Amino acid sequence: MLIRQLAAHAGDRRDLPPPYYRNRNVRWAIDLDGDGRPRGGRLVDLSTVEAKSGVLLDTPYVQRSGTGSLPFLLTDTLQYVLAMPKDDSDKQMADARRRAEDFAELVYRWAKDEPLAEPVVRFLRRGTFSEVEIPVQAKPSDVVAIRTDQGWVHALPSSVQVWGQIVRERKSAAGGLGICLSCGEGGPLLATIPEPVKPGGIPVAGGRGRDAQLVSINKTAQGRGGITQLANTPICDTCGGQAMSVLNALLADRQHHYRGSDSVLVWWLRRPAPFSLLGAVRDAQSQDVRGIIEQVHLPPARRADWLHDNDFYAVTLSANQSRVVIRDWIDVPLIELCQHLNTWFADHEMADLWEDGPQRVPLWRMAAALGRHGKQGYVRDTAPRSAERDLMAAALHGTPLPTNLLARLIQRVRADNRVDLPRAALLRLLLVRADPAMKEILLEHLNLDTRDPAYLCGRVFAVLEDIQRTALDNINTTIGDKFFGAAMARPLPVLTMLRKNATGHLRRLRGSRKAAGIALDKRLDEIFQKFAAELPATLDLAGQGRFVLGYHQQRSADREAARAAAAARKTAAPESA
Amino acid sequence: MTNRRVHHPPPPLVVEVEAPYACFTRPEFKTERMSYSVMTPSAAKGVLEAIFWKPEFGYQVTRIEVLKPIRWASIRRNEVSSMLTLAWVREAMVDTTVRLDAEADRDQRNMVCLRDVAYRIHAQVRLRPHATDPEAKYRDQFRRRVERGACYSQPFMGVREFSASFRPKTGCEPIDRDEKLGVMLHSIVYSPDGESYRWFHAELQQGVLEIPREGIELPGADTRTGGRR
């Protein structure tokens, strides 16, 4: 399915290189005149200050495995083109000469029916290529391309055609015709997939990746009956070539991939849509989110054209050495995906301490909130590696999140003594997805009606902290700093003790700020009246989560009310003046 | 003249299987294994044969119903990269010092498999030419074995380490899910020249996978349908 949908997407992309070409850094060029003599008798350096590795060009490329001589057509490394040995040993020099001969043979084959090939053929036949001056900084593995008065010779249509034939000959199964597993059509079958995923395309923890094969069967234990290569996995050359070409293009397209710490999510649509679907989740940009939510709420007949009969595909890839690991594959109608995204935002929207109204949180901030909070925000690389991947999967599939994330989040809240918007939003998401009944209790704003004891305990704690802050002007350590973690797990003893202590603070307020004191006392009483029974002695993980949300939402509501009161005073002041 | 049995086949044999894990490996992702989201007919046939097998008949799986929501899990394991060969066994028989050093032959492989699966398999018995007894005999024997919980070997879900339990039909409803699964292995045909494969376009409709009687194959000697002869 994956290979089929990737190959089908090839028709929609304009940025694909020709078949079996890859966008690579070309460091050197050989400029040939009409007579096939290199201009200046030396290599031309294509590197610049900005691009030290040279210019990016679509050049012939397939995976070379083993130590055999397998040249590319017209553009290859210095070892193949100019017989530059890896070292001065006789063995390496002979090896380089052999490779250069094979390279020339490939060029002669292409040149048979191509009049523009004359300078290149003369250059190779004359044997003067060994006299081309190679700069000291050049390495045998540097890529060199050949340019004539007509431009890059590897870009000529005849080069594309001949190179395609050569690759098919190299990679096809011997005499293999059959039904392709991917497209279900009959055709020439491949022995191996010609093109690997480019190095760096898939993030690898602790290092730079290397070429990785999407379909790899090269050990006896991996193939059926001990047979290696694609013998029992029939894939035609069209599907194999196009799928890899598209995958590499998507991995290079910033709009179509999302890199995590050890995986990358690549996505595409059957037909294009006007805004970034993944960008909506990743960055929670309001225009993207609004566009999706509006479409979901419209009746089907009034929905936009791009939603009709359109599908969303996404694959999450990791690398295991030189093999690609598929961690997740999504193939859903686009409207279903939009509904999942709508639910995603509805499930995590959360009141904030600093902004009015419910806020939507970018996915990366929620993932980072699972890490340690330091002096300058969340410390990098302290969140679980799989967190972003798990969150993204839950967003796209509309499924619950792994339960270990709840334990992790509660532990970080207690250890850091910090609840903020991303943590509260993630907490609500975790609890609501794990138990849909929680949707009645955990709203995006303060729920004044619920009698859930854990939630009420959180609210009580927020009011007690407010009473202390209001009563004491110069306060170093609040009860939040000292008792928040303890109150989360054991509300009964901690809140009983704090309620007694608050009596003193309320007495002080009666003298200094009587109105505030009465208001806070009344708020505390209102919450205590909602308890149907005694305060819970202990809370489980989900209970602690509801406690934290009660605390956060009570504080957010208090701050919002204070901001509204200040704004009202501000508008009333000029009128009275 | 019409054949009544074609138009009125006997009610299918039905068995329900359940397992904590399953991996019905997609042929294109068999190294870093990725499972189909639904049981394949060849895996279902393996389950049926583990319960009851006789050389006089074979099973034709007609339908697979998915009874539990599709859930995924990922496992990475240490395996070895080479397989046991007859030549190696012969060598080991002659030279008793020969050992397989698994650490030197290590290959770490990932598996994206299914979790908490349950399927209802429907199948028909197809008698082989040499069978002399009526079909009903084998059908009854199969049903009795399922009710007793008897099996020749423990059934498994795609790979042998994922053991499965089985039971007679219950009233569970298939899940509400439609999905195009792509080209799926229908069956393997064993012949003196080697094995060849049959494929079909699999599609889950309302949690039910209908399986055609025959898979796709290419005619002619110069072509192959998968396996290299």
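**Figure 1. Salt bridge between Asp76(A) and Arg64(A).** The side chains of Asp76(A) and Arg64(A) meet in a salt bridge, 3.0 Å from N to O. A salt bridge here is a side-chain nitrogen of Lys or Arg within 4 Å of a carboxyl oxygen of Asp or Glu. Asp76(A) belongs to strand β5 (residues 76-77) of chain A and Arg64(A) to the loop between β4 (55-60) and β5, so the pair ties together parts that are 12 residues apart in sequence. Helices (H or I, at least four residues) and strands (E, at least two) are DSSP runs, numbered from the N terminus. Asp76(A) is buried, with a relative accessible area of 0%, whereas Arg64(A), at 27%, counts as partly exposed. Buried means under 20% relative accessible area, exposed over 50%, and partly exposed in between (1.4 Å probe, protein chains only). The charged end of Arg64(A) also sits over the ring of Phe72(A), 3.9 Å from its centre. For this, NZ of Lys or CZ of Arg must be within 6 Å of the ring centre and within 35 degrees of the ring normal.

The model is predicted: local features need pLDDT of at least 70, side-chain atom pairs count only at pLDDT 80 or more, and totals for chains, interfaces and linings use all residues. Residues are numbered from 1 along each chain as its sequence is written, chains are lettered from A and ligands numbered from 1 in the order in which they are written, and side-chain values use heavy atoms, with hydrogens and water left out.

**Figure 2. Salt bridge between Arg389(A) and Asp262(A).** In this salt bridge the closest N and O atoms of Arg389(A) and Asp262(A) are 2.9 Å apart. The pair links distant parts of the chain, with Arg389(A) in helix α11 (residues 387-397) of chain A and Asp262(A) in the loop between β10 (257-259) and β11 (264-269) of chain A, 127 residues apart. Arg389(A) counts as buried at 19% relative accessibility, and Asp262(A) counts as buried at 19%.

Figure 3. The closest N and O atoms of Arg120(B) and Glu65(B) are 2.3 Å apart in a salt bridge. Arg120(B) is in strand β5 and Glu65(B) in strand β3 of chain B, 55 residues apart. Arg120(B) is buried, with a relative accessible area of 5%, and Glu65(B) counts as buried at 5%. Both residues are part of a network of salt bridges that links Glu16(B), Glu18(B), Arg63(B), Glu65(B), Lys68(B), Arg120(B), Arg167(B) and Glu210(B). Over all chains, a search of the whole structure finds 49 salt bridges.

**Figure 4. Aromatic pair Phe484(A) and Tyr551(A).** The count over all chains comes to 20 aromatic pairs. Phe484(A) and Tyr551(A) form a tilted one, at 4.7 Å centre to centre with 50 degrees between the planes. Rings of Phe, Tyr and Trp (its six-membered ring) pair if their centres lie within 6.5 Å; planes under 30 degrees apart count as stacked, over 60 as edge-to-face and the rest as tilted. Phe484(A) lies in helix α15 (residues 479-489) and Tyr551(A) in helix α18 (residues 541-576) of chain A, so the pair ties together parts that are 67 residues apart in sequence. Phe484(A) is buried, with a relative accessible area of 3%, and Tyr551(A) is buried, with 6%.

Figure 5. Phe52(B) and Tyr152(B) form a stacked pair, 6.5 Å centre to centre with 20 degrees between the planes. Phe52(B) is in the loop between α2 (41-51) and β3 (57-66), and Tyr152(B) in the loop between α4 (135-148) and β6 (165-167) of chain B, 100 residues apart. Phe52(B) is buried, with a relative accessible area of 2%, whereas Tyr152(B) counts as partly exposed at 49%. One aromatic cluster is formed by Phe52(B), Phe57(B), Tyr59(B), Tyr138(B), Phe142(B) and Tyr152(B).

**Figure 6. Interface between chain B and chain A.** At this interface 37 residues of chain B are in contact (heavy atoms within 4.5 Å) with 40 residues of chain A. There are two salt bridges between the chains; in a salt bridge between Glu32(B) and Arg323(A), the side chains meet at 2.6 Å, N to O. Elements giving two or more residues to the side of chain B that touches chain A are β4 (71-80), β5 (106-127), β7 (179-191) and β8 (194-205) of chain B. Of the elements on that side, β7(B) gives the most, with six residues.
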